[in-house]
Structures are given as structure tokens and as C-alpha cells.
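Me: I would like to go through this protein by question and answer, beginning with the strands and ending with the pocket. Please give the cut-offs as the terms come up.

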Amino acid sequence: MTRRTWFLASLLAMPILLTAACQRETVVPDDLKAQVDRDLRYVEVKDNPEAYRGKVMLAGGKVLSAKRLEEGTRIEVLQIPLSKDLIPEQPPDESKGRFIVMDYGNKHIVDPAILDEGKLITVVGEVMGATTTKIDEVEQRVPELALKHVTVWDRNHLRNAYEPYAGYYPPYAWGYGPRYGYPYYW
């Protein structure tokens, strides 16, 4: 390849790399990094939400419903474990239950229109205890989090990030070069 080709290729790749890097950094804003207890797991909070009241945690999942109430936006989420990149795992391996996220309307006013059913989200939230939700005809107690920050994931962006060439997965999706070295492409 010529220098010009390398230069053009790097210019084309730059926006993609910057977008991916910027999106990962916004999951936990700088002002919340010190507050987040990264060792706190959903299962622990689900079993005893009152014991963790006031702790700030990360949780992720699939939006089941989002409704605007007088006190703020109420988001019901099906919990999905987070990957090391803090993205709900796709496809979800298993869920440990549900949780409620309340945006009490301070500075985080969330419009339910951006939280369509099925959207994947990662939430930074403060444990407020437990609340009840109706699942079919049964009332169930679930953890409640006060929203500190939310990241709404775009499925198309996630598909492109993890499947650059449809049907192939790393290391094959990016070619053989870095893994096997030149000239062993096949």
C-alpha cells in the first residue's frame, strides 16, 4: 500500500474509533466514578435492598416499560448481566429479575419516548430500597434505584461494533494479520 492509501484509510477509521471510545467513557461520568461501588451485584441488592440503601451501583438490562409520572419517569427493567464493557450481554444469558429506576426529575429528566420497550440500557443508580411492581397478576417486590445516569444502547451500533463482518467473530472478523502475522493470512 502507498502512503496515500494508508493516510486515507486512517482518516476513514478515525471517526469510528473516536465514536466507540467516547461512547464507552460516558457509561460512568467522571463525577460519579468515585461514588460507584463496582463490586456491588444485582443479586445482592435483590436479596436485601434495604441493606444497600444509599449505595451507588451499575445495573443493566432491557426496558420493559417507561412511564412519566408526577414525581418523575418510572422505568421498569429486566435485569441482564453487564459485559466487561458495561453493556448488557447480547444475547442475554440469563436474568436474575427486574428492577425499577426512578428519575425524580432533578437534572436527569428522561423522556419515556427514548426508552422504547426492548431498548438496552446501563444505569448508574442509587439504591433506594424496594418497591412493588405487577408482573401479570402478581405483585412482586423489586429493587428501586434513583437515576444518576443512563446510557441507552443502539442495537445497530452494537451489532456493528461486535460483528464487523456478518457471521464472523473475533479473531476472524478483523482478518488474520495481527493474530498470525504477515504473510500468514490463511
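Me: How many bridges join β1 to strand β4, and in which sense do the two run?

Reply: This is a predicted model, in which local features need pLDDT of at least 70 and side-chain atom pairs count only at pLDDT 80 or more, while totals for chains, interfaces and linings use all residues. Residues are numbered from 1 along each chain as its sequence is written, and side-chain values use heavy atoms, with hydrogens and water left out. Strands (E, at least two residues) and helices (H or I, at least four) are DSSP runs numbered from the N terminus, and two strands pair if DSSP finds at least two bridges between them. In β4, Val124 is the bridge partner of Leu58, and β1 and β4 (residues 120–135) run antiparallel, joined by 7 bridges.

Me: In what order do the 5 strands close into a barrel?

Reply: The protein has 5 helices and 5 strands, which follow the pattern α-α-α-β-β-β-β-β-α-α along the sequence. In the barrel the pairing is mixed, and the order in which the 5 strands close is β1-β2-β3-β5-β4. The twist from one strand to the next, taken between N-to-C directions (0 to 180 degrees) of axes fitted to C-alpha atoms, averages 40°.

Me: Which residue in β5 does Ile100 stand opposite?

Reply: Strands of a sheet pair through backbone hydrogen bonds, either parallel or antiparallel. Strand β3 (residues 98–103) and strand β5 (residues 138–153) run parallel, with 3 bridges joining them. In β5, the residue opposite Ile100 is Glu144.

Me: Which residue in the turn of the hairpin of β4 and β5 has a positive phi?

Reply: β4 and β5 pair in the antiparallel sense over 15 bridges, and Thr131 stands opposite Val142 of β5. The hairpin formed by β4 and β5 has 2 residues between the strands, and the turn residue with a positive phi, of about 55°, is Asp136.

Me: Is Glu76 buried or exposed, and with the side chain of which arginine does its side chain make a polar contact?

Reply: Glu76 lies in strand β2 (residues 72–79). Buried means under 20% relative accessible area, exposed over 50% and partly exposed in between, with a 1.4 Å probe and protein chains only, so Glu76 at 8% is buried. A polar contact is a pair of N or O atoms within 3.5 Å, where within protein one must be able to donate a hydrogen and the other to accept it, and residues adjacent in sequence count only if both atoms are side-chain atoms. At 2.8 Å, the side chain of Glu76 makes such a contact with that of Arg98.

Me: What is the length of the polar contact that joins the side chains of Thr133 and Glu76?

Reply: Thr133 lies in strand β4 and is buried, because its relative accessible area is 4%. The side chains of Thr133 and Glu76 are joined by a polar contact of 3.2 Å.

Me: Which element gives the largest share of the lining of the second largest pocket?

Reply: A pocket is an open set of points on a 1 Å grid over the protein atoms alone, where a 1.4 Å probe fits, with protein on both sides within 12 Å along at least five of seven lines, and its lining residues have an atom within 4 Å of a point. The second largest pocket is lined by 17 residues, and Leu40, Arg41, Tyr42, Leu58 and Leu82 lie nearest its centre. The elements giving two or more residues to this lining are α3 (42–47) and β1 (56–69). The largest share, 4 residues, comes from β1.
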